[in-house]
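Keep the picture open while you read.

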Amino acid sequence: MKHRIVVLGAGYAGAFAAGNLARRLSPADIEITVVNAVPDFVERMRLHQLAIGQDLAVRKLADVFAGTGVRLRLARVTGVDPGRRTVAVTGEDGDGELAYDTLLYALGSSVAHHGVPGVAEYAFDVTGRSSALRLRERLAGLGDGGTVLVVGEGLTGIETATEFAEARSDLSVALVARGELGTWLSSKARRHLRQAFDRLGITVHEHTAIEAVEPTRAIAADGTSFPADVTVWSAGFAVHPIAAASGLKVAETGQIVVDRTMRSVSHPDVYAAGDCAYAIGDNGRPLPMSCGTAGYTNMQATAAIIARLTGSEVPTTGLKYYGNHISLGKRDAIFQMVDGDARSKSWYLGGRTVARLKAGVLKGAGWSISHPTFGLPKRRRRLATVPDRSGVKVAA
Ligand SMILES: Cc1cc2nc3c(=O)[nH]c(=O)nc-3n(C[C@H](O)[C@H](O)[C@H](O)COP(=O)(O)OP(=O)(O)OC[C@H]3O[C@@H](n4cnc5c(N)ncnc54)[C@H](O)[C@@H]3O)c2cc1C
């Protein structure tokens, strides 16, 4: 009887975790299935680039997992039943169910609408490939002087506004910030950011909360109307409601609450990694949704799964957040280090070299997903125990 590991999502967290598990556990004992809604690995960190017209490398998941022993199931996850240890999926073959002994939930996140009227109907976003492609088409149709309003002063909003303004100087790009632009950065990095916005001609509307989006404008809480041929909603990420609906313990954000080993605190045969995990970092604070977090959490989750299945001590891998590396178009970027309390340190790095480094980081992340077993110790370990299906309500 093989132990069935099912990994939900083949993004930065899930794809790498699946490869890691396949490399280190013996195929004589385990069966690994990855479920993903789309056939390619989507480089989410580049979706604003895709939206403005750049072409991204296509990485077929079938090629990524070829020869690793990982089975790929192309289907959309619609539910998880932790009592029966099953996952409900729907795909080209219709509806189906997958049984697991260990589940790694890594479905990432999508755009957070915050219930603002009109966002779902009229705004665009860059959080998923299909929405980025929809935006790409709209932007391609915009002529000289077309207006683009980016809502949100977080990392994605900043990267989106600067990338768009740099690539399309014919457009008029503005950013709406609920607070002040870059207020969390060190004063020097903040100055750098503002200079970049000035250089790129991006208008910033601070202390402004958008309360409604219409086809050609966004309206602020005080009634101010911002004309916009395109409104790009970058006001945060939200996780899929599947985890909360399944009965797994979730935080207010809907993220799965995990212990230090990324194991669900309510269901010990479920692990979570990436954006959908509510994981506490080494500084005692929840880790932010980021590619770095996807890396740390999937490494910790896989280390724990392997250790528990093979009867060894569970190792602790680092869960430290070092800082933010923010692109400001292709030729400029900021790297802001943070301290143990997640506060910006007084120094930062900025400029063209930092932009080149960021390009290298993006390239490296894409490459490591395409080669998920590269460089991992090839120690295919045998399981210490056979799967225990005694507690499962319906035998799968
Ligand atoms: C434009 C943009 C720029 C960014 N820039 C940075 C950056 O510079 N640095 C940084 O650290 N972070 C950045 N991020 C955030 C980073 O991309 C995410 O934190 C990261 O992708 C999280 O990885 P993940 O594996 O948890 O989720 P994802 O990468 O989103 O992967 C989730 C996977 O699950 C699949 N999936 C989702 N729902 C279902 C379902 N129901 N059924 C089946 N499959 C499903 C998806 O297809 C996807 O393959 C950026 C994000 C965006 C949108």
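Start with D55 and R136, which form a salt bridge whose closest N and O atoms are 2.6 Å apart. A salt bridge here is a side-chain nitrogen of Lys or Arg within 4 Å of a carboxyl oxygen of Asp or Glu. This pair links distant parts of the chain: D55 is in the loop between α2 (47-51) and β4 (59-60), R136 is in helix α5, and 81 residues separate them. Those helix and strand labels are DSSP runs numbered from the N terminus, with helices (H or I) of at least four residues and strands (E) of at least two.

Before going further, a word on what you're looking at. This is a predicted model, where local features need pLDDT of at least 70 and side-chain atom pairs count only at pLDDT 80 or more, while totals for chains, interfaces and linings use all residues. Residues are numbered from 1 along each chain as its sequence is written, and side-chain values use heavy atoms, with hydrogens and water left out.

Is D55 buried or exposed? D55 is exposed, because its relative accessible area is 66%. The cut-offs are under 20% for buried, over 50% for exposed, and partly exposed in between (1.4 Å probe, protein chains only).

A search of the whole structure finds 25 salt bridges.

| Pair | N to O distance |
|---|---|
| D55 and R136 | 2.6 Å |
| R4 and D101 | 3.1 Å |
| D332 and R199 | 2.8 Å |

D332 sits in the loop between β22 (323-327) and β23 (333-338), and R199 in helix α7 (residues 187-199), so their bridge ties together parts that are 133 residues apart in sequence. D332 counts as buried because its relative accessibility is 8%. R4 and D101 are both buried too. There's also a network of salt bridges, which links R285, D339, D341 and R343.

Now look for I305 in helix α9 (residues 291-310). I305 has a relative accessible area of 1%, so it's buried. Which residues is I305 in contact with, leaving aside its neighbours within four places in sequence? They are I5, L21, T102 and Y271, where contact means heavy atoms within 4.5 Å. I305 and L21 are 284 residues apart in sequence, yet their C-alpha atoms are 8.4 Å apart in space.

G145 is in the loop between α5 (129-140) and β11 (147-151). Its relative accessibility is 44%, so G145 counts as partly exposed. Beyond its neighbours within four places in sequence, G145 is in contact with D170 and S172.

S246 belongs to helix α8 (residues 242-246) and is buried, with a relative accessible area of 13%. The side chain of S246 reaches the backbone nitrogen of L248 at 3.4 Å. Leaving aside neighbours within four places, S246 is in contact with V80 and P82.

Finally, helix α1 (residues 12-24) packs with helix α10 (residues 352-370) at an angle of about 40°, their axes being 9 Å apart. Axes are lines fitted to C-alpha atoms, for helices over the stretch in contact, and angles run from 0 to 180 degrees between N-to-C directions. Where do the helices meet? Y12, A15 and F16 in α1 meet A365, S368 and I369 in α10.

Conventions:
A polar contact is a pair of N or O atoms within 3.5 Å; within protein, one must be able to donate a hydrogen and the other to accept it, and residues adjacent in sequence count only if both atoms are side-chain atoms.
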